[in-house]
Amino acid sequence: MQNQTVKFFSPRKHQDLANKNQVWSVADIEALFQLPFADLMFRAQQVHREHFDPNAVQLSTLLSIKTGGCSEDCGYCPQSAFNSAGVENQKMLDVAAVVQAAQAAKDSGADRFCMGAAWREPSKEDMASVVEMVKAVRGLGMETCATLGMLNDENVEQLRAAGLDYYNHNLDTAPEFYGDIITTRDYQDRLDTLERVRRAGMHVCSGGIVGMGENITQRAGLIAQLANMQPYPESVPINNLVKVEGTPLQDTAEIDPLDFVRTIAVARITMPRARVRLSAGRQQMSETVQALCFLAGANSMFYGEQLLTTGNPDVARDRAMLDKLGMYPFAETH
Ligand code: SAM
Ligand code: DTB
Ligand code: SF4
């Protein structure tokens, strides 16, 4: 592992994320997707190196704090009560168990801890526990992130007061494809939650899933939604669909890995200062494709053996991969 002191752009200081005077049309973004691969990668590299140390990667560890039995019908999700993925339902973890998992994540090198719950939205009682979890994890000196579903004004205020650094809420896909995947809440609900989070002054983490059967225009449509937010999200997770048996999307055709790499590159070009996270789907991805994603501008990944209910590469394997690529955790550069 290299040990360098590099002072690059810190995501904590992202005050300047607006794409000033730049509105990305879906057609502009589709044109990026259609560039020759080498040209697209070159542009992405230029943008990436302008704003970040290209060899540093931010590491987020996930923990499912409440698992399964969710009332939403998201077609990709093993935790939906509408699906039969065989996920064992689990009530909310207690604060001590969450702190223990966060400490373990910190000890293995993660700098951000993301707590996820299988809820449409949190209840008042849920919020009381989540607030305690956020405070305790922050107390360990880690950045905190939570993904709890839709939030109202009271929820965002409680999370802000607890010191939550990031709120994750994905747009998942383009508005015109969304209804094919989820029917129990609409796109505007998601935009409203993101707007509340932004107004409360927390950092926004929002991205989507590729490989759900969307076409290139729809893939471009997701990126346009994200990139045109004023400001765009500080953190943009790009998930490759994990096809879980028992979900409606279990037999979806595999996306060409190079199209996944292109999606990362387009996210980098359109959201120059965002942390673009290579998210779900790494366990099914070769190291070669992951290396191309880093080259395309990904500078964050989920780290630790488990995502929420599905697997992720083990820590030793990820450390070996980073070493092989001459990359190092962002936290070790600060
Ligand atoms: N229940 C909350 C919500 O949906 O807002 C938070 C947790 S939910 C599991 C967080 C995100 O995980 C989803 O928005 C989706 O983008 C991602 N996700 C869920 N299942 C996935 C899968 N099979 N493959 C890739 N990403 C997935
Ligand atoms: C995100 O964009 N991906 C993460 C996190 N944010 C919450 C979740 C991925 C879940 C993959 C399926 C599972 O493990 O249940
Ligand atoms: Fe529930 Fe979130 Fe899964 Fe949708 S993605 S079913 S809201 S846990």
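**Ligand surroundings and an aromatic pair**

A polar side-chain atom of Asn 170 lies 2.8 Å from an oxygen atom of ligand 2. The model is predicted, with local features needing pLDDT of at least 70 and side-chain atom pairs counting only at pLDDT 80 or more, while totals for chains, interfaces and linings use all residues. Residues are numbered from 1 along each chain as its sequence is written, ligands are numbered from 1 and chains lettered from A in the order in which they are written, and side-chain values use heavy atoms, without hydrogens and water.

Ligand 2 also has an oxygen atom 2.7 Å from an N or O atom in the side chain of Thr 309, and an oxygen atom 2.8 Å from an N or O atom in the side chain of Thr 310. Of the 410 Å² of accessible area that ligand 2 has on its own, the protein covers 88% (Shrake-Rupley method, 1.4 Å probe). The residues surrounding ligand 2 (a heavy atom within 4 Å) include Leu 62, Pro 78, Thr 147, Phe 302 and Leu 308. This shell divides into 6 nonpolar, 6 polar and no charged residues; Ala, Val, Leu, Ile, Met, Phe, Trp, Tyr, Cys and Pro count as nonpolar, Asp, Glu, Lys and Arg as charged, and the others, Gly among them, as polar.

For ligand 1, a nitrogen atom is 2.9 Å from a polar backbone atom of Val 242. A nitrogen atom of ligand 1 lies 3.1 Å from a backbone N or O atom of Trp 119, and an oxygen atom of ligand 1 lies 3.1 Å from a polar side-chain atom of Arg 185. Taken alone, ligand 1 exposes 550 Å², of which the protein buries 91%. There are 16 residues around ligand 1, and Tyr 76, Ala 117, Asn 170, Asp 172 and Val 242 come nearest. By class, the shell of ligand 1 holds 9 nonpolar, 5 polar and 2 charged residues.

Around ligand 3 stand Cys 70, Glu 72, Cys 74, Tyr 76, Cys 77, Ser 80, Ala 118, Trp 119 and Arg 185. The shell of ligand 3 comprises 6 nonpolar, 1 polar and 2 charged residues.

The structure holds 1 aromatic pair (ring centres within 6.5 Å; planes under 30 degrees apart are stacked, over 60 edge-to-face and the rest tilted). Tyr 178 and Tyr 187 form this edge-to-face pair, at 5.3 Å centre to centre and 85 degrees between the planes. Tyr 178 is buried, with a relative accessible area of 4%, and Tyr 187 is buried at 9% (buried is under 20%, exposed over 50%, partly exposed in between; 1.4 Å probe, protein chains only).

Methods. A polar contact is a pair of N or O atoms within 3.5 Å; within protein, one must be able to donate a hydrogen and the other to accept it, and residues adjacent in sequence count only if both atoms are side-chain atoms. Rings of Phe, Tyr and Trp (its six-membered ring) pair if their centres lie within 6.5 Å; planes under 30 degrees apart count as stacked, over 60 as edge-to-face and the rest as tilted.
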